[in-house]
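Here is a colleague's note for someone opening this structure for the first time. Keep the model in view while you read.

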Amino acid sequence: LVEKPLSHDQEELAKYDFSSAINKIGVAYNLRYMPSANKVKRIISDRVLGRLNNVQIECGQYLPDWRPGTDYRQGVSAQKKLGGGALLELSHELDYLLWIFGGIRSVVAKVETTGILDIDVEDNVNALMVSEDDYIIQLHLDFLQRKPKRMLRAVCSKGNLVWDLINNTVSIEGKEGRVELIYSDPYYDKNEMYVEQLKGFIGFTKNQAKFESTIDSASNVMNLIAAIRRSSDMNQWVDVML
């Protein structure tokens, strides 16, 4: 069971032939084991709210606040040589994006190292993507927001689906601005998703169950990250090779 992300870059990943591995391999994208995440996935997959029109995903938190009592500049997240940066550190968002909404055809992005935090990795990422089903997904990741925010909003033909990961709620925005709370567990023990992930992986090693976060899906996350970086460097739309 490999900690996410699968590698620090796509070129490094290309050196390995995982098809020859004897052991079963999974990648630890633990958000897939949150009950609220699975609630959102079922609603999208079953088209409960009709056609998807556009999606907004945002994750931001002030990096110096992550681990109180430590120098954030010495941590993994803040150093390029250790595989830091918002794209890799916050790649959970990219994993659940692909898991819930499927493939991405193309992307245009701006990846910035603003200098605000005195680190050598990107701390501000904005991307506009076109899904395989031809709707738009907007992505924002940062290390800069003083008030943490982690949210998904899917605009659909019959209403909007809103997943607040910090408050652990799922709601539907309907007619005349009415909001229906369909899931809420603010006291959810986050350790549970790690326990469920381990249970799932043990079952996978015993051929009793499928482990969805695979080498292939984690490689797709890395390919999407590479496309975002490439688009930012070239300042243009690029195709995503998944």
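The points below go from the basis of the model to a helix, its pockets, its rings and its backbone.

1. Basis. This is a predicted model, in which local features need pLDDT of at least 70, side-chain atom pairs count only at pLDDT 80 or more, and totals for chains, interfaces and linings use all residues. Residues are numbered from 1 along each chain as its sequence is written, and side-chain values use heavy atoms, with hydrogens and water left out.

2. Helix H4. Helices (H or I, at least four residues) and strands (E, at least two) are DSSP runs, numbered from the N terminus. H4 covers residues 91-101. Is H4 enclosed or open? Of its 11 residues, 11 are buried, so H4 is largely enclosed by the rest of the structure. Buried means under 20% relative accessible area, exposed means over 50%, and partly exposed lies in between (1.4 Å probe, protein chains only). The buried residues of H4 include Leu 94, Tyr 96, Trp 99 and Phe 101. Charged side chains are there too: Glu 93 and Asp 95 are buried in H4. Just after H4, Gly 102 has a positive phi of about 85 degrees.

3. His 92. This residue belongs to H4. His 92 has a relative accessible area of 11%, so it is buried. Which residues does His 92 touch, leaving out those up to four places away in sequence? They are Lys 4, Ala 28, Tyr 29, Asn 30, Leu 31 and Arg 150. Contact here means heavy atoms within 4.5 Å.

4. Largest pocket. The largest pocket holds about 810 Å³ of space. It is lined by 34 residues, and Glu 89, Leu 90, His 92, Arg 150 and Tyr 194 are the closest to its centre. Strand E1 (2-3), E3, H3, H4, E7 and H5 each give two or more residues to this lining. H5 gives the most, with three residues. By class, the lining has 17 nonpolar, eight polar and nine charged residues. (Ala, Val, Leu, Ile, Met, Phe, Trp, Tyr, Cys and Pro count as nonpolar, Asp, Glu, Lys and Arg as charged, and the others, Gly among them, as polar.) A pocket is an open set of points on a 1 Å grid over the protein atoms alone, where a 1.4 Å probe fits, with protein on both sides within 12 Å along at least five of seven lines; lining residues have an atom within 4 Å of a point. Volume is the space filled by probe spheres set on the points, which are joined across faces, edges and corners.

5. Second largest pocket. Its volume is about 300 Å³. Lys 80, Gly 84, Val 121, Glu 122 and Arg 229 lie nearest the centre, among 14 lining residues. Helix H6 (residues 215-234) gives the most to this lining, with three residues. The lining divides into three nonpolar, five polar and six charged residues.

6. Aromatic pairs. How many aromatic pairs are there? The count is six. Rings of Phe, Tyr and Trp (its six-membered ring) pair if their centres lie within 6.5 Å; planes under 30 degrees apart are stacked, over 60 edge-to-face, and the rest tilted. Trp 66 and Phe 143 make an edge-to-face pair, 5.3 Å centre to centre with 80 degrees between the planes. Trp 66 is in the loop between strand E3 (52-60) and helix H3 (86-89), and Phe 143 is in the loop between strand E6 (136-142) and strand E7 (149-156), so the pair ties together parts 77 residues apart in sequence. Phe 143 is buried, at 0% relative accessibility.

7. Rings of H5. Phe 201 and Phe 204 have ring centres 5.9 Å apart and planes at 50 degrees, so this pair is tilted. They are three residues apart in helix H5 (residues 191-205), about one helical turn. Phe 201 is buried at 12% relative accessibility, and Phe 204 is buried at 16%. Tyr 33, Phe 201, Phe 204 and Phe 211 form one aromatic cluster.

8. Charges over rings. Lys 24 lies over the face of Phe 204, 4.9 Å from the ring centre. Arg 146 lies over the face of Tyr 62, at 3.8 Å. The rule asks for NZ of Lys or CZ of Arg within 6 Å of the ring centre and within 35 degrees of the ring normal.

9. Backbone. The peptide bond from Lys 4 to Pro 5 is cis, with omega near -10 degrees. Glu 176, a residue other than glycine, has a positive phi near 55 degrees. Glu 176 sits in the loop between strand E9 (169-173) and strand E10 (179-184), and is exposed at 76% relative accessibility.
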